[in-house]
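Please look through the sequence and the structure shown here, and then follow the report below, which takes up a few places in the chain one after another.

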Amino acid sequence: MRGGPGDAERRQRWGRLFEELDSNKDGRVDVHELRRGLARLGGGGPDRSSQQGISPEDTDPEGGLDLEEFSLYLQEREQRLLLMFHSLDRNQDGHIDALEIQQSFRALGISISLEQAEKILHSMDRDGTMTIDWQEWRDHFLLHSLENVEDVVYFWKHSTVLDIGECLTVPDEFSEQEKQTGMWWKQLVAGAVAGAVSRTGTAPLDRLKVFMQVHASKTNRLDILGGLRSMVREGGVHSLWRGNGINVLKIAPESAIKFMAYEQIKRAIRGQQETLRVQERFVAGSLAGATAQTIIYPMEVLKTRLTLRRTGQYKGLQDCARQILEQEGPRAFYRGYLPNVLGIIPYAGIDLAVYETLKNRWLQQYSHNSADPGILVLLACGTISSTCGQIASYPLALIRTRMQAQGETGPQLSMLALLRHILSQEGVRGLYRGIAPNFMKVIPAVSISYVVYENMKQALGVTSR
C-alpha cells in the first residue's frame, strides 16, 4: 500500500494547513484556532480534539504550537493513523471498505447494518470509489485525538449517533476512557442539572397534568385554563410549582442507580464487552429503569401527593411522608407501582423504534455527504419519538397517578378495578386526561434541557461526543 508522499511534499502540506489554521497570523496555532479550523474544514468533534490533541509538553504556557512544533505533532499523528489504517484494512489491499467497517464495529460488540457502514464510509469517501484509501483516511482524522482502533470506532459511533439516543429508561453508554478520566460523572452531573432546570421551567404544566389526571372527569369538564385558574385561586401563582422540589431531588439518585444497574446488567448480558446491540440496550435499559424505579418509587408517591396538596395540608416533605406512614401504612409508598413498571416497556420500545426509524429515514433521503444528521434533526426525532412513547404509555401513567393519590381522593382500587371504573364512567378518553399539558411541555423541556446540558458540559470541561 502507498505510505504517503515524500518528506518535502509532506512539509509543504503541513505548512499550508498551518497557515489555514493560524487565523490571527501570529505564527502559532492555539486551541481556539484549531476548534474554528476544524469546524470550517468539516471535522467532527472539535472539542474532543482541541482538548486532547494539541497538548505536547513543548508548548508555551499560553498554549499553541509554532510551525516546527506543529509539524512534529502531525508527523507523530500520521504514524499512529497509518498503524490504525493497517489494523482496519483487514485484507491489506490498501483500502477500507464497508464490510471492513462493519467487522470493526462487530469486533467491539456494536451491531450495525451494511447500509449504516456504507453511510459512515460515504462521509469520508471523497473520490466516489466507496472505499477509503490512506490519503482520505489521513486527511479525515489528522487533527483528531485518536489513539487506537477503539477510539476510531468510538468516534464513528458518537459522531454518527448510531446509539439509540436519550430515553427515559435507557441510560447513556460511556467508554472505558470516559470512565477512567471521570468524564462519565461529569456527564451525569450535566444531565442532572439540565433535568433540574428543565423540570423547574415546565413545572406548572407538569402540575396541571397531574391535577387533570386526578380531578378531571366527564362531568366537571376541567380544561387547561380552568385547571390553571383553579390552582392559582386555591394557592396563588407560586402554587404552580408544588411538588417540583422533590421532582428535582429525585433526579440524582435515579440517574446514579440507573447507571450502576445498567453497567451490571450490561456486563451480565455481554460479559466484558463495552457496548451492546440496540435490542440488548433496550433490555438492559428497561431492567435498569425498573431497578431505579423500584428503589426511588416512594419519592414518586411523595411527588404526586405534594403536587396535589392543598394549602397548609403538609408542612413539607418530611411531614407528608410521616402522615402517609401513620394514616395509610408503608404499603402506600408503593401504590401504583405495577402500572408504573409496566409503562416502562411500551414507552422505551416505541421511543426507541420511532427514533431509529425517523433518524435513518432522514439520513437515507436528505443526508448525502455526511453520516451525521445534525443536532436539530436529532432533537426533532427525539421529540417526536418521546411523544409517541408517551401516547402509548399514558393510560398506565394516568392509572399510576390516580393510585398514588388514592389515599386522599377516595376508595383504594386495584389497577384493573381502576381501569374498568375509568372506562365505564368516562370511556377511552378518560385514560388520556391531562395529555394536552403533557404534550405542551415536551418542546420547551427538550429545548431547555439541551441548552443547559451543552452549557454545563462546557463549564465542567466535558468533551463533545
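## Ser 385 in helix H18

Ser 385 lies in helix H18, which spans residues 375-404; helices (H or I, at least four residues) and strands (E, at least two) are DSSP runs, numbered from the N terminus. Ser 385 has a relative accessible area of 1% and is therefore buried, where buried means under 20% relative accessible area, exposed means over 50%, and partly exposed is in between (1.4 Å probe, protein chains only). Leaving out residues up to four places away in sequence, Ser 385 touches Asp 351, Val 354 and Tyr 355, and contact here means heavy atoms within 4.5 Å.

## How to read the model

This is a predicted model, in which local features need pLDDT of at least 70 and side-chain atom pairs count only at pLDDT 80 or more, while totals for chains, interfaces and linings use all residues. Residues are numbered from 1 along each chain as its sequence is written, and side-chain values use heavy atoms, with hydrogens and water left out.

## The chain as a whole

The chain contains 22 helices and 0 strands, and buried residues make up 49% of its 465 residues. Among contacts between residues at least 6 apart in sequence, 70% join residues that are at least 24 apart.

## Helices H11 and H12

Two packed helices are described by the angle between their axes and the distance between the axes. The axes of helix H11 (residues 203-215) and helix H12 (residues 224-235) come within 10 Å and cross at roughly 100 degrees, the axes being lines fitted to C-alpha atoms, for helices over the stretch in contact, with angles running from 0 to 180 degrees between N-to-C directions. H11 is therefore roughly perpendicular to H12, since angles of 65 to 115 degrees count as roughly perpendicular, those under 35 as roughly parallel, those over 145 as roughly antiparallel and the rest as oblique. On the H11 side the contact is made by Arg 207, Leu 208, Phe 211 and Met 212, and on the H12 side by Ile 224, Gly 227, Leu 228, Ser 230 and Met 231.

Ala 216 lies in the loop between H11 and H12, and this residue is buried because its relative accessible area is 3%. Although Ala 216 and Arg 433 are 217 residues apart in sequence, their C-alpha atoms are 6.6 Å apart in space. Leaving aside neighbours within four places in sequence, Ala 216 is in contact with Phe 211, Leu 222, Arg 402, Glu 426 and Arg 433.

## Asn 438 in helix H21

Asn 438 lies in helix H21, residues 435-440, and with a relative accessible area of 4% Asn 438 is buried. A polar contact of 2.3 Å joins the side chains of Asn 438 and Gln 390; a polar contact is a pair of N or O atoms within 3.5 Å, where within protein one must be able to donate a hydrogen and the other to accept it, and residues adjacent in sequence count only if both atoms are side-chain atoms. Apart from neighbours within four places in sequence, Asn 438 is in contact with Lys 209, Gln 390 and Tyr 394.

## Cysteines

How many disulfides does a search of the whole structure find? The search finds 0 disulfides, a disulfide being a pair of cysteine sulfur atoms within 2.5 Å. Cys 381 is buried, with a relative accessible area of 6%, whereas Cys 388, at 29% relative accessibility, counts as partly exposed.
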